[in-house]
Amino acid sequence: MRILFVSETYYPHLNGVYYFVCRLAPLLQANGHQVAVIAPSENTHFSKKKIDNIDVYVVPSLPLLYYPKLRFPIPVLLQHRIKSLINSFKPDVIHIQDHFILSKAVVEVNKKLKIPIIGTNHFMPENLTSLFQNQKVKRMVENFMWSRFSYVFNQVLLVTTPTETGARLIRPQLNTNVIAISSGINLEEFNSSGNKDKIREKYALPDKPVLLYVGRLDPEKRIEEILKAVAVAIKKIDFYFVIVGKGVRKSALEDLAKQLGIEDRVIFTGFVPDEDLPYFYKLSRCFAIASRAELLSLVTLQAMASGLPVIAADAGALSEIVHDKINGYLFKTGDRDAIVRSLCNIFTKENLYREMAEKSVEYSHQHDIHKTVASFERVYKSCFVKEIITKNSKVPLDLA
């Protein structure tokens with residue numbers, strides 16, 4: 001099949017949507033499919049690139065005001081360019097990743113082309129409205145976002161989302177059928193057997209037990225909750241908190257660590273390249289995540305695949321992958337004492353740690369990327385066949 005992905009974010013902007021497409025597309029191509037991607041460019045020019053051996057068509061774009069590394073497509077001539085690109089690539093199915101300018105334009109163009117479109121939702125309003133202090137304004141913005149989401153995703157044949165939690169969240173917003181398909185991870189990447197000492201030396205990591213966080217340092221991730229718990233737990237157990245990633249809250253979190261008197265026990269590594277990341281998991285004892293807005297959390301799955309117990313907020317989809325007292329602990333937002341107790345148990349009780357580590361590995365296998373690829377191949381084939389039948393039928397086909 002010929003499969004066209006559409007994404008508002010793509011390399012060099014690295015986020016969950018990019019990783020979803022860039023891992024799925026090469027595996028689909030390796031299975032004999034022809035794959036291409038439409039994404040915003042890094043400038044105001046239209047061009048075609050090869051990224052990870054995938055054809056990527058980039059459309060002219062401009063930077064967002066507050067997030068200049070994020071870009072949005074220039075609407076002028078956008079539909080014309082998309083129509084020309086689609087007619088050139090001739091996809092059997094189109095797979096959009098969001099409901100923003102680019103995907104919306106693809107959906108509008110496709111009203112005449114009538115190519116089967118499926119959508120995957122990676123969106124939670126909290127990911128974009130976490131900076132709003134005024135709750136009334138925040139609700140208004142979220143309601144507007146949901147209305148735009150519904151407008152676009154109600155025009156596709158099928159919507160997927162990484163977890164059943166995510167499916168339950170969006171079903172009330174849609175008339176289209178919604179199913180859960182994990183974004184998947186490459187389990188082999190997180191069974192690294194290389195030299196961990198080189199990574200320890202490169203990032204000046206102490207030879208001590210490590211609590212790990214990996215991800216964006218942005219408000220919705222609520223890393224301050226973990227820092228405050230670490231400030232208490234560090235008085236009882238000997239460990240370091242390693243924070244991998246970058247974001248708008250980095251300076252504020254560094255200041256908080258100083259205020260709590262634990263700056264010598266907290267290490268901010270900044271951005272870590274993909275080839276180094278598996279070693280951080282292997283060097284750690286436990287993974288912690290306090291975010292309330294996760295539709296899956298690939299970094300949590302990566303930690304589990306590496307054999308780490310997880311301490312996670314009982315929110316979003318985290319409770320689907322972290323099973324309380326089995327492969328880690330869940331805590332209610334703001335319950336610092338629960339985080340402290342969980343840390344003490346995992347860092348001091350060896351048998352408990354090993355049992356939880358084994359369960360994390362076991363549960364991670366449910367999210368093998370090869371299972372994800374097979375699921376999407378079935379979806380693409382089903383939607384393609386059903387669309388062909390519908391085009392040749394006098395009665396619209398019920399896709400539910």
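Q: Ile 346, buried or exposed?
A: Ile 346 counts as buried, because its relative accessibility is 0%, where buried means under 20% relative accessible area, exposed means over 50% and partly exposed lies in between, using a 1.4 Å probe and protein chains only.

Q: What kind of model is this, and how are residues numbered?
A: This is a predicted model, in which local features need pLDDT of at least 70 and side-chain atom pairs count only at pLDDT 80 or more, while totals for chains, interfaces and linings use all residues. Residues are numbered from 1 along each chain as its sequence is written, and side-chain values use heavy atoms, with hydrogens and water left out.

Q: Which helix holds Ile 346, and what is Ile 346 in contact with?
A: Ile 346 lies in helix α13, residues 336-348; helices (H or I, at least four residues) and strands (E, at least two) are DSSP runs numbered from the N terminus. Apart from neighbours within four places in sequence, Ile 346 is in contact (heavy atoms within 4.5 Å) with Arg 285, Cys 286, Pro 309, Ile 311, Tyr 329, Tyr 353 and Met 356.

Q: And how far apart are Ile 346 and Pro 209?
A: Their C-alpha atoms are 11 Å apart in space, although the two residues are 137 residues apart in sequence.

Q: Changing topic, which residues touch the most other members of the largest nonpolar core?
A: They are Leu 211, Phe 241, Tyr 281 and Phe 287, in a core of 73 residues. A nonpolar core here is a set of buried Ala, Val, Leu, Ile, Met, Phe, Trp, Tyr and Cys residues joined through side-chain atoms within 4.5 Å. There is also a second, separate core of 32 residues, which includes Ile 38, Val 107, Met 145 and Val 159.

Q: How many aromatic pairs are there in the whole structure?
A: The search finds 12, a pair being Phe, Tyr or Trp rings (for Trp, the six-membered ring) with centres within 6.5 Å, and planes under 30 degrees apart count as stacked, over 60 as edge-to-face and the rest as tilted. For Tyr 281 and Phe 287, the ring centres are 6.2 Å apart and the planes stand at 45°, so this pair is tilted. Both Tyr 281 and Phe 287 are buried.

Q: What is Gln 302 in contact with, and where does Gln 302 sit?
A: Gln 302 is in helix α11, residues 298-305, and is buried at a relative accessible area of 7%. Beyond four places in sequence, Gln 302 is in contact with Ile 185, Phe 190, Leu 277 and Tyr 281.

Q: Where does Thr 176 lie?
A: Thr 176 lies in the loop between α6 (164-170) and β10 (178-180), and is buried, with a relative accessible area of 12%. A polar atom of the Thr 176 side chain lies 3.2 Å from the backbone oxygen of Phe 153. Leaving aside neighbours within four places in sequence, the residues in contact with Thr 176 are Phe 153, Asn 154, Val 156, Leu 157, Leu 158 and Val 159.

Q: Over which residues does pLDDT stay under 50?
A: That stretch is 393-400, for which the model has 7 contacts beyond four places in sequence; pLDDT is the predictor's confidence in each residue, from 0 to 100. Where pLDDT is low, the predicted coordinates should not be read in detail. The chain as a whole averages a pLDDT of 90, with 92% of the residues scoring at least 70.

Notes
A polar contact is a pair of N or O atoms within 3.5 Å; within protein, one must be able to donate a hydrogen and the other to accept it, and residues adjacent in sequence count only if both atoms are side-chain atoms.
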